[in-house]
Amino acid sequence: MENTNVTCDVCSCAYNQNGCSCNLDAIKITEHSDTNQGIDNPHYCQSYRQR
């Protein structure tokens with residue numbers, strides 16, 4: 001299912017579709033990055049997973 005309310009141009013994310021959208025049902029956005037995982041989360045999206 002594509003999340004039609006979110007525009008995402010982070011092509012390195014495993015959930016990115018066609019360079020412009022996210023295919024998750026829901027995503028988690030925060031005001032700061034999650035540095036505990038050692039991953040630089042683009043746009044502070046906590047749902048980011050590297051391809």
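N18 is exposed, with a relative accessible area of 76%, where exposed means over 50% relative accessible area, buried under 20% and partly exposed in between (1.4 Å probe, protein chains only). N18 sits in the loop that links β2 to β3 (21-22). The model is predicted, so local features need pLDDT of at least 70 and side-chain atom pairs count only at pLDDT 80 or more, while totals for chains, interfaces and linings use all residues. Residues are numbered from 1 along each chain as its sequence is written, and side-chain values use heavy atoms, with hydrogens and water left out.

**Overall make-up**
- The protein has three strands and zero helices, taken as DSSP runs numbered from the N terminus (helices: H or I, at least four residues; strands: E, at least two).
- Read from the N terminus, the order of elements is β-β-β.
- Of the 51 residues in the protein, 27% are buried.
- Of the contacts (heavy atoms within 4.5 Å) between residues at least 6 apart in sequence, 27% join residues at least 24 apart.

- N16 lies in strand β2 (residues 16-17) and is buried, its relative accessible area being 6%.
- A polar atom of the N16 side chain is 2.9 Å from the backbone oxygen of C8.
- Beyond its neighbours within four places in sequence, N16 is in contact with C8, D9, V10, C11, S21 and R51.
- N18 and C8 are 10 residues apart along the chain, and their C-alpha atoms are separated by 9.5 Å.

**Cysteines**
- A disulfide is a covalent bond between the sulfur atoms of two cysteines.
- Zero disulfides are found in a search of the whole structure, the criterion being a pair of cysteine sulfur atoms within 2.5 Å.
- C8 is in no disulfide, and the nearest cysteine sulfur, that of C13, is 5.8 Å away.
- C45 is also in no disulfide; its nearest cysteine sulfur is that of C13, at 6.3 Å.
- C8 is buried, with a relative accessible area of 18%.
- C45 is buried as well, at a relative accessible area of 14%.

Note on methods
A polar contact is a pair of N or O atoms within 3.5 Å; within protein, one must be able to donate a hydrogen and the other to accept it, and residues adjacent in sequence count only if both atoms are side-chain atoms.
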